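Reader: Hi! Could you walk me through this one while I have it open?
Author: Happy to, just ask away.
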Amino acid sequence: MEEWKEYKIGDIAKTNTSQYSLSENWETIQYLDTGSITQNQISGIEKFFGNTDLPSRARRKVKHGDIIYSCVRPNLCHYGYMDNPPANLLVSTGFAVITVDPNLADARFIYYYLTQNNIVQSLHTIGEQAVSTYPSIKASDIEDLSILLPSLPIQHRIASVLKSLDDKIEVNRRINDNLEQLAQALFKSWLLDFEPFRDGEFEETELGLIPKGWEVVSLSAIADYINGLAMQKYRPIEGEKGLPVLKIKELGQGNTDVSSELCSPSLIGEKYIIDDGDIIFSWSGTLMVKVWCGGKCGLNQHLFVVEPKDYPHWFAYQWTKHHLDNFIHIAKDKAVTMGHIKRGELDKAKVVVPDGTSMATIDSMMKPLHSQIISNKIESRSLAQLRDTLLPRLMSGELKVNEIENAI
């Protein structure tokens, strides 16, 4: 049996070694903030031309193989592995940028080590002891972590096994991006622009001309919008296995995690238990509409579960999403700390409902796309769970990499 040797992360890696100077004055700069990456998934990169308007936090350079790890609220999992990052990319000073010595360790192996639930929680516990507004760690807290390392070849093989699962998840994500674009294009063509019906008869409505025989109804007429509960009032009772609480954070990242609160399934009842495929609409704070595929959980207040009445699932989802930009605009105009919309806006938002024949035709195209997106998301969640199960066992040496390489 190969001997694994103990190191400190600081023995095999350095942090925050490369800073951007304003005197460099790059012509174009791309910037990644801490909230724009979660579990290696980037939601957005800002672009700047020169130093004009560049945030003061945009100072840390990154290169291929670097690990970025948010020092604020570690349990929110704002971390990532920089695999061929864009040119002239700067990240926030809220990140610790970890550069691994390739002669001592495999950078991706170290990334996976740092993303284990127990390590994330350990760093968060350290952060809770800090004198600051939010739980915060220092780069030195990461450097002080102890790690057992096998030989470099074994590290490479372990990292490769875990990466193969992440690669499958990424393939599903890209497929879903294409499927969602296709679904949106079909929705626009058939239900907004009426392209297949241009040679037919039209009639005047409050929304203008629509195909004859179709009707205009409110958004609230095609689905029930059921608000969640204040889940802090429904904690698990003694001896009960709690359900994760679905809040805005979980909806945004697409899954629950170790930091998610728990609720009592027996106290909240089936009405507020969410499962794969449910449409969730965040109507307060950060407004968004998503099809949830993160498993069973309890619906928190400020979120609607959208339950179609006598209409297809995709129909309620696409029309709610269609009105989202307007809802966001309305919420921003609210003179309150956290913008929101009222139920009355669901009555004002209008929907065009096709006749039965046309609905059946478009349903035959949209339903398979919608179902495949959900299926891919569920498969990705299963792959992530497998990765997270294998991760600590591989990292500790409990499970030998050659026992699973051919099975993955």
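Reader: Is Gln39 buried, exposed or partly exposed?
Author: Gln39 counts as partly exposed because its relative accessible area is 28%; buried means under 20%, exposed over 50%, and partly exposed in between, with a 1.4 Å probe and protein chains only. This is a predicted model, where local features need pLDDT of at least 70, side-chain atom pairs count only at pLDDT 80 or more, and totals for chains, interfaces and linings use all residues. Residues are numbered from 1 along each chain as its sequence is written, and side-chain values use heavy atoms, leaving out hydrogens and water.

Reader: Thanks. Where is Gln39 found, and what is its phi?
Author: Gln39 sits in the loop between β4 (37–38) and β5 (41–42). Its phi is positive, about 50 degrees, although Gln39 is not a glycine. Most residues other than glycine have a negative phi. Asn16 also has a positive phi, near 55 degrees, and lies in the loop between β2 (13–15) and β3 (28–32).

Reader: How many helices and strands does the chain have?
Author: Twelve helices and 24 strands. These are DSSP runs numbered from the N terminus: helices are H or I with at least four residues, strands are E with at least two. Of the 408 residues, 48% count as buried, and the C-alpha trace spans about 75 × 60 × 45 Å along its principal axes.

Reader: Let's do helices. At what angle do α2 and α5 pack?
Author: Helix α2 (residues 107–114) and helix α5 (residues 152–192) pack at about 65 degrees, with axes 8 Å apart. The axes are lines fitted to C-alpha atoms over the stretch in contact, and angles run from 0 to 180 degrees between N-to-C directions. The crossing of α2 and α5 is left-handed, meaning that the near helix is turned anticlockwise from the far one by less than a right angle.

Reader: Which residues meet there?
Author: From α2, Arg108, Phe109 and Tyr112; from α5, Gln155, Ile158, Ala159, Leu162, Lys163 and Asp166. Contact here is heavy atoms within 4.5 Å. The residues of this contact divide into five nonpolar, one polar and three charged.

Reader: And α3, which of its residues are buried?
Author: Ile119, Val120, Leu123, His124 and Gly127 are buried in α3. They cover an arc of only 135 degrees around the axis, so they are on the same side of α3; the arc is taken from the directions from the helix axis to the C-beta atoms. The buried residues of α3 pack against β8 (67–70), β9 (79–81), α2 and α4 (139–143).

Reader: What is in contact with Val258, leaving aside its neighbours within four places in sequence?
Author: Val258 is in contact with Asn117 and Gln121. Val258 lies in the loop between α7 (248–253) and β18 (262–263) and counts as partly exposed because its relative accessibility is 39%. Val258 and Val120 are 138 residues apart in sequence, yet 8.8 Å apart in space, C-alpha to C-alpha.

Technical notes
Ala, Val, Leu, Ile, Met, Phe, Trp, Tyr, Cys and Pro count as nonpolar, Asp, Glu, Lys and Arg as charged, and the others, Gly among them, as polar.
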